[in-house]
Amino acid sequence: MSERNLTPWTVLRDGSRLIWRFIKMHPAAFAVAVFGAAMFAGAIIAAALIIGWITDNVIIPVLDESQEPDLLMTAAAAIVLVSVFKAVGIVLRRTAAGWLSFATRRDVRNELLAQQLSLKMSWFNRQAIGDLLAVADSDVNQGTDVLGPLPYATGVSMLLVGTITMISIIDPWLGVGAVIGLVVVIVIDVRGSWVTYEMWEEVQRRIGKVSSIAHESFDGALTVKSLGRERYVSSRFTMASDALRDSTIKVNSTWTKYQVIIRALPQLLIVLLLVVGAARIDAGAVTAGNVVTVAYLLSLLAFPIQLIGFVLWDLSGSLAGWQRVQAVFDADDHIEYGEELAVAGGAAGVRGSSVDFAYDREQVLSGLDLRIRAGTTLAVVGATASGKSTLCLLLARLWDPASGSIELEGRDLQAFAGSELPKEVSYVAQNTFLFDTTVRSNITLDEPFTEAEIATATGLAGATSFIEELPHGLDTELGERGTTLSGGQRQRLALARALIRKPRLMVLDDATSAVDPSVEVEILKALKCAELPSTIVVVAYRPSSIRLADEVVFLNEKRIIAHGSHTELLDISSAYANLVSAYEEEARRLRGASS
Ligand SMILES: Nc1ncnc2c1ncn2[C@@H]1O[C@H](COP(=O)(O)OP(=O)(O)OP(=O)(O)O)[C@@H](O)[C@H]1O
Ligand SMILES: [Mg+2]
């Protein structure tokens, strides 16, 4: 936080803004909760007055003169009425405050997801998934925690104002004393919340770290186990959670010290009042009864003062949590869209001109020019890390080139309106993502495709027979990320999902690597002969697949160094010939190993 000049004032100012942001989201719920708290505060004052009245008018006459307690029923009714009033106040406040908290959290999470999905891949590239989970979960909770005590504190602040007014009416000097005492308490509260603010930031950062390590170790469970690194991973986790424990204890113990002072202060104030009050009685300014009343009123203040403390305490925690939520809201790497609408139709041609691209500093593609004729199949070949996957991502506009342009049938990819480009371009990666739902929903993504369309897509993707063998066919539920299927089965579902949308351009980044070579060839052949043909770009490693392509581009030195048919490339590029013979060698070795 070194770049920000943090003062108690900034914590208060930023905190008030945060609270105001939340209240604006659900003003009615907040108003009802405060009203409930005010009813409660009113009931406490009324109860004090009624008990005084009962003492004077019911109890003392009965004791003194053995008089019939004819006022007893009235007194009982008054007490019942006040109790009911208080109960209604409590129910109103608790219900509305609970609703306020949960509705705010829900809204913030919805906003957060919408914001994240509108951001570019470059933003996601910089985030740790565990950290994002912590933001959506613990930071949102922590950020909105201040809403818990807020309505109560606002409501009982009225009690505070009422009490101080009453004290001032009894004796102005005692009123001044009470105000000074109150200011001291609030200054200590503000200081406490300022001091703990940075500690809270550390706590939230460490929660993010714990969540990241947890996420990594669940996600990489297979790797961890296969390498026997369970002890390493759990010691890393233990270190992170120990650090979290330490910072949480630190922030709590610091706050406790402030709490001790804050709890003791109203009692000290009462002692002080008795000393000052005695002098005022001597001076004939007030009566003994007045001092007793004021002492009672001061004891009533202890509670609201504590609640204000709770709000300030939660405020610093909320600000620290919210800061991480706000960082996501502040991200402005939004994907920019144009107005172009998708059109249905057959295969589309592609033209890339002078495309430069870098993920961060290092250039991956430089001055790349590419032309793909509509309806052809283009194989992208290149050594590891030559930029094949990058090119695929650019063709589907999952990243944007730093300069240069990519056009689909003469329309720049960036000119398409939101959600329009995926109707014309389908991208399938090697690592396919499946949703935790049925096979059918994974293919249709809940769009209204007919059974015949589903059958065609699964047929082209070579997925029909294994789907039929699943316990409930298309309606079989897949586990999270489709873990119940094999790699090849998952890839075929992903292919079917792409095909059913009849894309004009299909980009397959090693998307059939997990199926048998003969099945891969079958699939690629089927794609070429599909009833509604697409232009196909395929990152291929198997010579059998490369040979199937109409044209091949060879990526090297950040650009396409050769473009032609497979046989032409073998002639003109020795680097290409070497790479393909290495692939052939590998394919032979694998065949040998499996036979
Ligand atoms: N998300 C990313 N962030 C930063 N750098 C990346 C990212 N993805 C790839 N790179 C870098 O970009 C370069 C090209 O990577 P790319 O994945 O396009 O290669 P590839 O040709 O598909 O390799 P492979 O054959 O191994 O799949 C590599 O140097 C890689 O380190
Ligand atoms: Mg790749």
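Start by selecting helix α11, residues 388-395, which lies across β1, β2 and β4 (403-408) and runs at about 120° to β1. Helices here are DSSP runs of H or I, at least four residues, and strands are runs of E, at least two, numbered from the N terminus. The angle is taken between N-to-C directions on a scale from 0 to 180 degrees, with axes as lines fitted to C-alpha atoms, for helices over the stretch in contact. This is a predicted model, so local features need pLDDT of at least 70 and side-chain atom pairs count only at pLDDT 80 or more, while totals for chains, interfaces and linings use all residues. Residues are numbered from 1 along each chain as its sequence is written, with chains lettered from A and ligands numbered from 1 in the order in which they are written.

Now show the strands under that helix label. You get an open sheet of four strands in the order β2-β1-β4-β5, with antiparallel pairing; two strands pair if DSSP finds at least two bridges between them. β2 (363-372) and β5 (411-412) are the edge strands, each with a single partner, so one side of each has no neighbour in the sheet. Zoom in on β1 (residues 350-358): six bridges join it to β2, antiparallel. Click R351 and you'll find R371 of β2 opposite.

Next, pick V537. Which residues is V537 in contact with, leaving aside neighbours within four places in sequence? They are I372, L378, V380, C392, L395, V507 and L508, where contact means C-beta atoms, placed from the backbone, within 7 Å.

V537, L395 and V507 have the most contacts inside the largest nonpolar core, which has 70 residues. Such a core is a set of buried Ala, Val, Leu, Ile, Met, Phe, Trp, Tyr and Cys residues joined through C-beta atoms within 7 Å. Buried means 20 or more other C-beta atoms within 10 Å of a residue's own, C-beta atoms being placed from the backbone. Select helix α16 (residues 487-499) too: its six residues are the largest share of this core. Another core, of 66 residues, lies apart from it and includes A43, L297, L315 and V325.

Finally, zoom out and colour by domain: domain 1 is 8-330 and domain 2 is 350-431 + 504-594, with bounds from an automatic or database domain assignment. Their C-alpha centres lie 59 Å apart. The C-alpha trace spans about 120 × 50 × 50 Å along its principal axes.

Notes
Contact = placed C-beta atoms within 7 Å. Buried ≥ 20, exposed ≤ 12 C-beta atoms within 10 Å, placed from the backbone.
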